[in-house]
Amino acid sequence: DRRPVIVSLPSFRNISPADRIYFMVRGNVMNKLKCCVIIGILFVLATGVPAHFLYEWTGKNKIAGFFTPVNESVWEHMKLIFFPMLIYSLSVIPGLRSDVPCITSSLCSGILAGTFLIPALFYTYTALLGKDVFILDIGIFVLSTIAAFYLSLRLARSCRLRPYTLILCGCVCIVFVCFLLFSYNPPDSNIFEDPSISCFLFLTY
């Protein structure tokens, strides 16, 4: 009779003290990282919703308009993830950098991915349905936020993009500047088009 071979794994007691400390520290770091990710998701969701209305609430304050949507265009809604996640990232990077060497590159990747996932998902579902659905727009915001932090968590563990930290930081800076430049002077492109104005012009025409 062939019986299954049972391989006994070494218990935690048999691990050397140095390895035991390593695994304990690594486990604590991973738990700390997961907590930061969960808090980050909640922070972006909690700040992104009021940020959508902040420009109107402040009486169309120009400074507020640089960082929050000034109209209903897809481009302006990308701010709802970009700036809250950027603020959160800048607050947690100093405390995590020593334990998680890839935290900067991973969060920059998450910021970029989450920001541009919004137009990707929006244009995909509107092309399929032929119309804009408010509930789906909210779902896109939530899904993009979760995806951004999930990607950051995976990359923080693997450190795959650490060699490209400067490039990723540069890309985040470029997007930052573009938001400032295009808030009040948008290029002539669909992504910058305010559907409420287009609808008004169509009705008046």
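Student: Are W75 and F192 buried or exposed?

Tutor: In this predicted model, W75 is buried, and F192 is buried as well.

Student: And how do the rings of W75 and F192 sit, by centres and planes?

Tutor: Their centres are 5.0 Å apart and their planes stand at 45°, so the pair counts as tilted. The pair links distant parts of the chain, since W75 belongs to helix 3 (residues 74-77) while F192 lies in the loop between helix 7 and helix 8, 117 residues apart.

Student: Which cluster do ring pairs make there?

Tutor: Ring pairs join W75 and F192 with F67, F82, F83, F176, F179 and F182 into a cluster.

Student: Switching to helices: at what angle do helix 5 and helix 7 pack?

Tutor: Helix 5 (residues 103-129) and helix 7 (residues 165-182) pack at about 40°, their axes being 9 Å apart, and the two helices are therefore oblique to each other. The crossing of helix 5 past helix 7 is left-handed.

Student: Which residues meet in that contact?

Tutor: From helix 5, T104, S105, C108, S109, L112, T115 and F116 meet T165, L168, C169, C171, V172, V175 and F179 of helix 7. By class, that contact of helix 5 with helix 7 has nine nonpolar, five polar and no charged residues.

Student: Last one, where is V44, and what does V44 touch?

Tutor: V44 is in helix 1 (residues 17-57), and with a relative accessible area of 0%, under the 20% limit, V44 is buried. Leaving out residues up to four places away in sequence, V44 touches L80, I81, P84, M85, F141, T145 and F149. The C-alpha atoms of V44 and M85 are separated by 6.0 Å, although these residues are 41 apart along the chain.

Definitions and conventions:
Residues are numbered from 1 along each chain as its sequence is written. This is a predicted model: local features need pLDDT of at least 70, side-chain atom pairs count only at pLDDT 80 or more; totals for chains, interfaces and linings use all residues. Side-chain values use heavy atoms; hydrogens and water are left out. Helices (H or I, at least four residues) and strands (E, at least two) are DSSP runs, numbered from the N terminus. Buried means under 20% relative accessible area, exposed over 50%, partly exposed in between (1.4 Å probe, protein chains only). Contact means heavy atoms within 4.5 Å. Axes are lines fitted to C-alpha atoms, for helices over the stretch in contact, and angles run from 0 to 180 degrees between N-to-C directions. Angles under 35 degrees count as roughly parallel, over 145 as roughly antiparallel, 65 to 115 as roughly perpendicular and the rest as oblique. A crossing is left-handed if the near helix is turned anticlockwise from the far one by less than a right angle, and right-handed if clockwise. Ala, Val, Leu, Ile, Met, Phe, Trp, Tyr, Cys and Pro count as nonpolar, Asp, Glu, Lys and Arg as charged, and the others, Gly among them, as polar. Rings of Phe, Tyr and Trp (its six-membered ring) pair if their centres lie within 6.5 Å; planes under 30 degrees apart count as stacked, over 60 as edge-to-face and the rest as tilted.
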